[in-house]
Each structure stands twice: as C-alpha cells, then as structure tokens.
Amino acid sequence: MERYNGLTVQQRLALTFTAAILWLFANFYPVMSISLKGLKNSATLWDSVVALSQGPITFMAMVAAISIIIAPGFQLVLLVWVLSFALASRRAPGFKPAMRWLETLRPWSMLEVCLLGAMVAVFKLAGMLDVLPGIGLFALAVLSLLMIRIAGRDIRELWGIL
C-alpha cells in the first residue's frame, strides 16, 4: 500500500533547495552557545564530530559525521540531481544508482536523533550554565522536518513518474 504524497516535482525540488540551504546553516552556524562566569563557547555540528574524534571513541565520530552531516548532504545532492531532470520530464543520468543510494542513505540520515540529543543537552545544561540555542539548532529542527517530508518513503514514486 502506498500513501499519496501530494507534492509535485516542482514543490519537492523547491523544498530540496530550501533543505540544502538549511543544511548549510545547520552545519556552519553554532548549534548552541554556553557561557559561565564570562567564559563563552559555541559549537557547530562539525565541532561535535571533531570533539568526538579527539577521544577514545573515534569510531563514534565517524558514525556521527556520516549520520548527521554526510548522509543528509549526499541525499540532498542526489535529490537535486534527480528532481532537476524530473522537472524537465527526463530521467537523470545515473537515475537507477541515484535512487538506490537515496534508499540506502535514508536509514543512515539521523538528523532527528541529533536534534533530540541537542535539545536534551540544551535542557540539561540550562540548569548549570547559560545556554543559548543557536541558528544551527533552529536550522537543524526545520531541516529534520523537511528531510522527513522530501526524502521519506514516498521518494519511490519517482520511479513511476519517470
């Protein structure tokens, strides 16, 4: 059984470009800033991956980088590629591998988990430090919702359109 998405190719492409811009904001702007007695520090998603790589759990840094940065970014690139050709009612070169990659990457993209972890950290740290959610956190929240909408299970309907 299939659920009707209700998005046209144009709408999905517009949402994908919006998600790509939000991906940039989520990755390069601070997710949160903390301060205590005049000392301030802010962190981006990249900073969190680098911090994980400095300790004994370097493997976790690689998993985090793949699930919160690389997989969503690659999904967005593939979606723009496939949908830009679909807008012209043509199949993109490499359509089949691109669609297979989109299906493969879907479970690896864990923006929602990262968002949940960041929000728990904000609430837990708020009792001890001054915590300010950053632009990156808000971008991550909206990006998570958009990725669910545009790269969810209904991406398979592109096989039937083209």
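Trainee: In what order do the elements of the protein run from the N terminus on?
Mentor: The order is α-β-β-α-α-α-α-β-α-α. Keep in mind that this is a predicted model.

Trainee: OK, and how many helices and strands does the secondary structure come to?
Mentor: Seven helices and three strands.

Trainee: What order do the three strands take in the sheet?
Mentor: They go β2-β1-β3, in an open sheet with antiparallel pairing. The edge strands are β2, residues 39–43, and β3, residues 130–133, each of which pairs on one side only. From one strand to the next, the twist averages 15°.

Trainee: How many bridges join β1 to β3?
Mentor: Four, with β1 covering residues 32–36 and running antiparallel to β3.

Trainee: Which residue in β3 stands opposite Ile34?
Mentor: That would be Val131.

Trainee: Switching topic. Which residues does the UniProt annotation "transmembrane region" cover?
Mentor: According to the UniProt record, an unreviewed entry, residues 57–87, 108–126 and 132–152.

Trainee: What does the model show for residues 57–87?
Mentor: That span is 97% helix and 0% strand, and its end C-alpha atoms lie 44 Å apart.

Trainee: And how far apart are the end C-alpha atoms over residues 108–126?
Mentor: They are 30 Å apart, and the chain there is 84% helix with 0% strand.

Trainee: Now the backbone. What's phi for Lys37?
Mentor: It's near 50°, so a positive value in a residue that isn't glycine. For context, most residues other than glycine have a negative phi.

Trainee: Where is Lys37 found, and is it buried or exposed?
Mentor: Lys37 is in the loop between β1 and β2. It counts as exposed because its relative accessible area is 81%, and the cut-off for exposed is over 50%.

Trainee: What about phi of Ser89?
Mentor: Ser89 also isn't a glycine, and its phi is positive, at about 60°. You'll find Ser89 in the loop between α3, residues 58–87, and α4, residues 95–105. With a relative accessible area of 63%, Ser89 is exposed.

Trainee: Zooming out, what does the C-alpha trace span along its principal axes?
Mentor: About 60 × 30 × 30 Å. Of the 162 residues, 40% count as buried.

Trainee: Last one: what share of the contacts with a separation of 6 or more comes from residues 24 or more positions apart?
Mentor: Those residues account for 73% of them.

Note on methods. Residues numbered from 1 in each chain as written. Predicted model: local features only at pLDDT ≥ 70, side-chain atom pairs only at ≥ 80, totals over all residues. Heavy atoms only, no water. UniProt positions renumbered as here; feature names shortened; annotations may be inferred. Helix = DSSP H or I, 4+ residues; strand = E, 2+ residues; numbered from the N terminus. Pairing = 2+ DSSP bridges. Axes fitted to C-alpha atoms, helices over the stretch in contact; angles between N-to-C directions. Buried < 20%, exposed > 50% of the residue type's maximum accessible area, 1.4 Å probe, protein only. Contact = heavy atoms within 4.5 Å.
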